[in-house]
Amino acid sequence: MPEPRAEVCRPEEFRDVYHRVYREPPYDEDAAAAEAFAAQLAEHARLPGFAVTTVLDGGALGGFAYGVRREADWWHPRAVAPAPRWLRRPLFYVYELAVVRELRGRGHGRVLLEALLADRTERYAVLAASTRAPAHELYRRWGWTKAGELAGPPHGVELLARPLPLP
C-alpha cells in the first residue's frame, strides 16, 4: 500500500528506482539522467507544497510519485503555448511517477498517484507524459486530458491535466 511522506528518506533509492524505470524504452535515459533527477528531487523536496508517496517491496523502495504546488500563472518552461485560462491558478505539478517493472500491473501506479493527489487544496493537477510511453494511455483512461505540449527533445510529450476534488 502506498505511503504518503513529507520527506525523501534514502534519496539514493529514489535515484536507483528512477534509473531502473527510465533506462527502459521509450526513455532510454542513462545514469547521468538519474543523477540529474536526484538533484532535482532534492531541490523540489525543499519547496513548500512538496509531497511524495512511496510503495515498498520487501522493505526496499519499489515505486514513488512526487509533485510540488505551483502558484498561479506558473506553466511548464518548455510548453509550446501558454497555459489554458482555466489552469492559470495554483496547481499541483506531478513531476514523477515511477514503478519498477517487477511491480507493474498490480495497480501501484494508480494508487500512488491517487494517494499523492488526495487532500490537495489546488483545483487541478498537471503532469507531462510521452505519447510513446504505455503510461500515457493509462493517464488518459484515468481522466487526464491534454492541456498542452512540450517542445522537444524528446518530442511527443503532452501536458495532461485533471481536476482535483475539493477537500
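Trainee: Which helices and strands each supply at least two residues of the lining of the largest pocket?
Mentor: In this predicted model, they are α1 (11-22), α2 (31-45), β4 (91-99), α3 (108-117), β5 (124-130) and α4 (134-141), where helices (H or I, at least four residues) and strands (E, at least two) are DSSP runs numbered from the N terminus. The largest share, 7 residues, comes from β4. Residues are numbered from 1 along each chain, local features need pLDDT of at least 70, side-chain atom pairs count only at pLDDT 80 or more, and totals for chains, interfaces and linings use all residues. Side-chain values use heavy atoms, with hydrogens and water left out.

Trainee: Why does Tyr95 count as buried?
Mentor: Buried means under 20% relative accessible area, exposed over 50%, and partly exposed in between (1.4 Å probe, protein chains only); Tyr95 has 17% relative accessibility, so Tyr95 counts as buried. Tyr95 has its place in strand β4.

Trainee: What makes Tyr27 partly exposed?
Mentor: Its relative accessible area is 30%, and therefore Tyr27 is partly exposed, whereas Tyr22, at 10%, counts as buried.

Trainee: Why is the pair of Tyr139 and Trp142 called edge-to-face?
Mentor: Rings of Phe, Tyr and Trp (its six-membered ring) pair if their centres lie within 6.5 Å, and planes under 30 degrees apart count as stacked, over 60 as edge-to-face and the rest as tilted. The centres of Tyr139 and Trp142 are 6.0 Å apart and the planes are at 75°, so the pair is edge-to-face.
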